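Here's a quick briefing to read with the structure open in your viewer. Have a look around first, then work through the topics below.

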Amino acid sequence: MPVQVNIHEAKTHFSKLLARVKEGEEVVIAKAGTPVARLVPVTERPARRIPGSAKGRVSISTDFNEPLPGNILEAFEK
């Protein structure tokens, strides 16, 4: 369960709150008891995408560029 602090307390103890967040805790900052912001730990970025990693897994139909059938085209135009 996240800890909730008011804005004044967050400004006064910001470094301590960041230390708690760094350890995995979530901190909610509130104004007059109403939550307005949430401090959460930064997660690691996902690994970079490797071009060509889906090679052989994707196929494109030979009629990909053909006009859509009338009934489907009408549905898009509504």
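Leu68, Ile72, Leu73 and Phe76 together make a nonpolar surface patch of about 390 Å². Keep in mind that this is a predicted model, with an average pLDDT of 91 for the protein. The rest of the briefing goes from that patch to confidence, then the sheet, and ends with a few single residues.

**More on the patch**

- Leu68, one of the patch residues, sits in the loop between E3 and H3.
- Helix H3 itself covers residues 70-77, and the patch includes Ile72, Leu73 and Phe76.

- 100% of the residues score a pLDDT of at least 70.
- Which elements mark the two ends of the confidence range? Strand E2 (residues 27-31) has the highest mean pLDDT, at 97, while helix H3 has the lowest, at 89.

- Three strands form an open sheet in the order E1-E2-E3, and their pairing is mixed.
- E1 (3-6) and E3 (34-39) are the edge strands, and each has a single partner strand, so one side of each goes without a neighbour in the sheet.
- From one strand to the next, the twist averages 35°.
- E1 and E2 run parallel and are joined by four bridges.
- If you want to find the pairing on screen, look for Asn6, whose bridge partner in E2 is Ala30.

**Residues to click on**

- Ala32 is found in the loop between E2 and E3.
- Ala32 has a relative accessibility of 80%, and because anything over 50% is classed as exposed, Ala32 counts as exposed.
- His8 belongs to helix H1, which spans residues 7-12.
- Is His8 buried or exposed? With a relative accessibility of 59%, His8 counts as exposed.
- His8 and Leu68 are 60 residues apart along the chain, and their C-alpha atoms are separated by 60 Å.

How values were computed. Residues numbered from 1 in each chain as written. Predicted model: local features only at pLDDT ≥ 70, side-chain atom pairs only at ≥ 80, totals over all residues. Heavy atoms only, no water. pLDDT = per-residue confidence, 0-100. Pairing = 2+ DSSP bridges. Axes fitted to C-alpha atoms, helices over the stretch in contact; angles between N-to-C directions. Patch = residues over 30% accessible without salt bridge, like charges linked within 9 Å, V, L, I, M, F, W, Y side chains within 5 Å. Areas by Shrake-Rupley, 256 points an atom, 1.4 Å probe, with all protein chains shown as cover. Salt bridge = Lys/Arg side-chain N within 4 Å of Asp/Glu carboxyl O. Buried < 20%, exposed > 50% of the residue type's maximum accessible area, 1.4 Å probe, protein only.
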